[in-house]
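Have a look at the model first, then read on.

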Amino acid sequence: MRTIFSGIQPSGTIHIGNYLGAMKQFVELQNSFNCYFCIVDEHAITVPQDRLELRKNIRSLAAFYLAVGIDPDKATLFIQSEVPAHAQAGWMLQCVAYVGELERMTQFKDKSAGKESVSAGLLTYPPLMAADILLYSTDLVPVGEDQKQHLELTRDLAERFNKRYLEIFTLPDIKLSNSGARIMSLQDPTKKMSKSDPNQKAFISLLDDPKLVDKKIKSAVTDSEGVVKYDKERKPGISNLLDIYSNFSGLSIEELERKYDGAGYGAFKADLVDVVNEGLAPIQKRYYELIESEELDRILDKGAEKANIVAGKMLRKMENAMGLGRKNRH
């Protein structure tokens, strides 16, 4: 069985864009792949964090993973900082990476632009991301287009290590998540849905109550045509709502266009509210059962235990390849 690794930062609100764009696919992938889902809290600290808020977000993200349908008997769910091999392997791969290639990363350029000072971690976090992936002999990494460059660097570092020391790393392939929907902002459908949008009506959180979902969908930007038809260029607003409807209901865009032929946006939006609320209800129920439970701690303990065994073996191979420590000490 091939291995998939995916890491998500614990950054607070999870919205329907995160769910439909990535997490929903993870639920399907766990049935046919050996999956590692990692809450990458060490990546989160490349920018300042409030410690209590970070702890809360870590736990919340773990509960969300399980609430959307990740099965701890099929997949390994764990917190990055609870597996020390990640930070150790990250340092070792920093010593294989070059400053020039790290400075060329577009995310570093974007996040450091116009800032007087940025943390060294912001520059060096791609080798840590490479370590996350390589420790598990990962075959496939499902990522969005924005992470493609980091994945290419991961492959370069793995290849460089294999040639310079010993051939121990699997070169991971990039699985661009094209099956997942790209959900746009409800207020500006030309931009991706984002929780950092200053307009709270632009996104739907997985924990929004039915009344709030109703309000946000009914105030979603459309056009004055009044025809429910999919056309990303001319009708980005209604096309985005059709994508959301299709992903929550399982009905194709064509089926929805036929269903609402001759109906106005009012009827379409009213039905969409019901469909979204029906989809969110079981997720919210499971989330609230888990969030303060011992069950969540047991699952995370088990995940860390399994990840530590697998990552520890690869770390020992890395140490051996680089000549670190004493031979056969483990």
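How far apart do the end C-alpha atoms of residues 10-18 lie, and how much of the span is helix and how much strand? The ends are 12 Å apart, with 33% of the span in helix and 0% in strand. Helices (H or I, at least four residues) and strands (E, at least two) are DSSP runs, numbered from the N terminus.

## Ground rules

This is a predicted model, where local features need pLDDT of at least 70 and side-chain atom pairs count only at pLDDT 80 or more, while totals for chains, interfaces and linings use all residues. Numbering starts from 1 along each chain as its sequence is written, and side-chain values use heavy atoms, with hydrogens and water left out.

## A record for residues 10-18

Back to that span: UniProt lists residues 10-18 as "short sequence motif: 'HIGH' region", in an unreviewed entry. UniProt positions follow the numbering used here, feature names are shortened, and annotations may be inferred rather than shown by experiment.

As for who touches whom, 8 residues of domain 1 are in contact with 6 residues of domain 2, contact being heavy atoms within 4.5 Å.

Together the two domains bury about 720 Å², 69% of it on carbon and sulfur atoms. Buried area here is the accessible area (1.4 Å probe) that two parts lose on being put together, summed over both. On the domain 1 side, Ile 16, Leu 20 and Ala 67 supply 57% of the area buried against domain 2, more than any other three residues.

The rule finds 1 salt bridge across the interface of domain 1 and domain 2, a salt bridge being a side-chain nitrogen of Lys or Arg within 4 Å of a carboxyl oxygen of Asp or Glu. Arg 286 and Glu 295 form a salt bridge, with their closest N and O atoms 2.9 Å apart.

On domain 1, the elements giving two or more residues to the side that touches domain 2 are helix 1 (16-29) and helix 3 (51-67). Helix 1 gives the most, with 4 residues.

## Salt bridges in the whole structure

The structure holds 18 salt bridges. One of them joins Arg 160 and Glu 101 at 2.7 Å, N to O. Arg 160 is in helix 8 (residues 148-164) and Glu 101 in helix 5 (residues 99-103), so the pair ties together parts 59 residues apart in sequence.
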